[in-house]
Amino acid sequence: MAITASKALDRVLVLEMVRVTEAAAIAASTLVGRGDEKAADHAAVEAMRAAFNELDFDGTVVIGEGERDEAPMLYIGEKVGKASPGSPKIDIALDPLEGTTLTAKAWPNALAVLAIAEEGGLLNAPDVYMEKLAIGPGYAPGLVSLTKTPTENIQAIAAAKGVQPNEIIACVLDRPRHDALIAELRGLGVGIMLIPDGDVAGVIACTDPDTTIDIYFGSGGAPEGVLAAAALACVGGQFQGRLLFRNDDERGRAAKWGVTDLDKIYELQDLVKGDAIFAATGVTDGSLLQGVKVRKGVMTTESIVMRASSGTVRRVKGEHRR
C-alpha cells in the first residue's frame, strides 16, 4: 500500500535529520575505544539534543533515553525543537548511541539513530524486551511469522528463494538467551552472523543484499524495534515484534504506556503509521555505514537517510572542519 507524503514532514527535514545524527555521532566518536560507555552515551545525547533544539518543529520524544526520573534529557515525553505557532508536531524515536559497548570497545556497527513521524505515527513502546523477526523486501506478505517455529520460517524463506535451508544466512544477537535458537538454526545448517550488540543495524542488514543476511531472529530492546521498523517502512521488508515481560514491574510499565494486550504480535504498520523519516550516522565502521574519521583537522561522516512516502534512500558523506 502506497504511503502518502506527510505535510508535517517537510523535505527540508530529511537533511536536517542527518545533521542531528551527525552531531551525535561526532560527539560519541571522541570516546571510541576509551572504555567508558556512559561518557560516550552522554556525549551523544547532549549533542543530539542541542541539534534538535535548532530546528523549527514541535517535537515529542516517544522512544528515548528512558523516563523522566531515569534520564536527564531526551527522556520519553520530553519536548524538543524551537516550537512556534504553526510548527509541525513531530513524534521522535531515537537512540543517540546505538551500541554503547561497541563504542567503548571500538567494535563495529555503533550508530547514532533516529526516526520521526507525524504526531501519533510511532508506537510508544515500553522499555522492555521485544522478540523480533525481520526479512527484506521482495517476499510475499506473511511469509514469515512469530507464530511459526524458527525452522518453519527458515524453510519458508528458503523455498521463496529457491534454495536449501543450509544456504540461508540469519543474524542473531549473541546472548545466552538465544542458545536454543542458535542450536536449532545450526541443526538446519543455517549460517549465523552473531552480533555482539546493535540490533538496529542487524535488522536493517536484511534489506541490503550485499550483507548476504536473509533473516533476523531474536529478542532485544523494544525501542530499538520501533527504530528498525521505521527503516523497514522506508525501504520495504517485513517485521514482526512481540513484547516480552520478565516481571510485574515491566508489565506495569507497559500498562503506563497504554499496552493492554501483552501477547500482541505487532506488524510493521502497528509500529510505524504513515510517512516516516529514518536517519543514521556511523560512529564506528560497520556493515551499514563507515564510522567517523579524523584526517588533518577534518572529520568525515557517512550517513543514511530514508523516507517512507517516496521510498528514497540517500547516503550522505559529510566533511566537518574541527
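These are my notebook entries on what I looked up in this predicted model.

**Ground rules**

I'm counting residues from 1 along each chain as its sequence is written. Since this is a predicted model, local features need pLDDT of at least 70 and side-chain atom pairs count only at pLDDT 80 or more, while totals for chains, interfaces and linings use all residues; side-chain values use heavy atoms, with hydrogens and water left out.

**Entry 1: overall build**

I started with the secondary structure and got nine helices and 14 strands. Helices (H or I, at least four residues) and strands (E, at least two) are DSSP runs, numbered from the N terminus. Next I checked the radius of gyration, which is 19 Å against the 20 Å that the globule rule gives for 322 residues, so the protein is as compact as a globular protein of that length. For the record, that radius is taken over C-alpha atoms, and the rule is 2.2 Å times the number of residues to the power 0.38. The C-alpha trace spans about 55 × 45 × 40 Å along its principal axes.

I then looked at burial: 56% of the 322 residues count as buried. Here buried means under 20% relative accessible area, exposed means over 50%, and partly exposed is in between (1.4 Å probe, protein chains only). The exposed surface comes to about 13900 Å², with carbon and sulfur atoms supplying 49% of it. Those areas are from the Shrake-Rupley method with a 1.4 Å probe, and for residues only the protein chains shown count as cover.

Residues 24 or more positions apart make up 69% of them.

**Entry 2: the nonpolar cores**

I defined a nonpolar core as a set of buried Ala, Val, Leu, Ile, Met, Phe, Trp, Tyr and Cys residues joined through side-chain atoms within 4.5 Å. The largest has 51 residues, and Y216, F239, L243, L271, V272 and F278 touch the most other members. Helix α7 (residues 222–235) gives the most to this core, with 10 residues. There is also a second, separate core of 44 residues, which includes V20, A43, V80 and L94.

Leaving out residues up to four places away in sequence, its contacts include M130, L133, V203, A229, L232, Y266 and L271.

I went to β9 (residues 238–244) next, and five of its seven residues are buried. I count two strands as paired if DSSP finds at least two bridges between them. On that basis β9 pairs with β5 (residues 129–135) in the antiparallel sense over seven bridges, and Q238 is the bridge partner of I135 there. β9 also pairs antiparallel with β10 (residues 265–267), over three bridges. In that pairing R242 stands opposite I265.

Then β11 (residues 276–282), where seven of the seven residues are buried. A276, F278, A280 and G282 point one way and I277, A279 and T281 the other, and all are buried. β4 (residues 111–118) pairs with β11 in the antiparallel sense over seven bridges, with V113 partnered by A280. Five bridges join β11 to β13 (residues 298–307), again antiparallel. I277 stands opposite R307 in β13.

**Entry 3: cysteines**

I searched for disulfides and found zero. The cut-off was a pair of cysteine sulfur atoms within 2.5 Å. C171 is in no disulfide, and the nearest cysteine sulfur, that of C206, is 6.7 Å away.

**Entry 4: two spot checks**

A104 sits in helix α3 (residues 100–104). Buried or exposed? At 6% relative accessibility, A104 counts as buried. A104 touches G33, R34, G35, D36 and E37, again not counting residues up to four places away in sequence. The C-alpha atoms of A104 and A28 are separated by 9.5 Å, though the two residues are 76 apart along the chain.

G86 lies in the loop between β2 (79–80) and β3 (89–98). G86 is exposed, with a relative accessible area of 79%. From G86 to F57 I get 8.7 Å, C-alpha to C-alpha, across 29 residues in sequence.

Methods:
Contact = heavy atoms within 4.5 Å.
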